[in-house]
Amino acid sequence: MGIAGDAGLDLVEIQPNANPPVCKILDYGRHKYQAQKKAAEARKKQKTVELKEVKMRPNIDIHDYGVKMKSMLRFFDDGDKVKVTLRFRGREMAHQDLGYKLMQKVKEETAEIAKVEFEPKVEGRQMIMILAPR
């Protein structure tokens, strides 16, 4: 403690449980500031994964399907998850097999770049599937 006092620095206990306890002579304010800067830098580089949603209908046109697939590929490139929602209206509820076929088509086309996180499941009047980038 005397050496640290003479140097105008602080004596910081690094490992109190060791035998003997490990201490270090340093400027504690500066050490705390650098640790805070390092934590802020780590937070800045962190990527938050968002859940993007693509809505479709069972009788979607070929071109509209292509546009939806292109936006899905863009979302995967950004590292986001995609929730594919297939909405049934009126008599379409009687033809849920068409919805499953469409979901299988989406799954097959995105197989190389995405994995299925949540299999197609009917919830009320809509079918939902969640895809995550590989």
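This is a predicted model: local features need pLDDT of at least 70, side-chain atom pairs count only at pLDDT 80 or more; totals for chains, interfaces and linings use all residues.

Modeller: Residues are numbered from 1 along each chain as its sequence is written, and side-chain values use heavy atoms, with hydrogens and water left out.

The part to look at is helix α3, residues 62–77. Helices (H or I, at least four residues) and strands (E, at least two) are DSSP runs, numbered from the N terminus. The expected span of a helix is 1.5 Å times one less than its number of residues.

Next comes the question of which residues are covered. Buried means under 20% relative accessible area, exposed means over 50%, and partly exposed lies in between (1.4 Å probe, protein chains only). In α3 the buried residues are Y65, M69, S71, M72, F75 and F76. They lie on the same side of α3, because they cover an arc of only 165 degrees around the axis; the arc is that of the directions from the helix axis to the C-beta atoms. On the face turned away from this buried side, α3 carries the exposed residues H63, K70 and D77.

The buried residues of α3 pack against β3 (51–56), β4 (81–87), α4 (96–109), β5 (114–123) and β6 (126–133). Contact here means heavy atoms within 4.5 Å. Just after α3, G79 takes a positive phi of about 90 degrees.

T110 sits in the loop between α4 and β5. Its relative accessibility is 0%, so T110 counts as buried. Not counting residues up to four places away in sequence, T110 touches M69, F76 and L131. M69 and F76 are among the buried residues of α3, and L131 is in β6.

Of the 8 residues of β6, 6 are buried, and the strand is mostly covered. Two strands pair if DSSP finds at least two bridges between them. β4 and β6 pair in the antiparallel sense over 6 bridges, with V84 opposite M129 in β6. β5 and β6 also pair in the antiparallel sense, over 7 bridges, and here V116 stands opposite L131 in β6. The hairpin of β5 and β6 has 2 residues between the strands, and in this hairpin G124 takes a positive phi near 70 degrees.

The segment after β6 contains R134. With a relative accessible area of 65%, R134 is exposed. Leaving aside neighbours within four places in sequence, R134 is in contact with A111, E112, I113, A114 and K115. The C-alpha atom of R134 is separated by 47 Å from that of N19, and the two residues are 115 residues apart along the chain.
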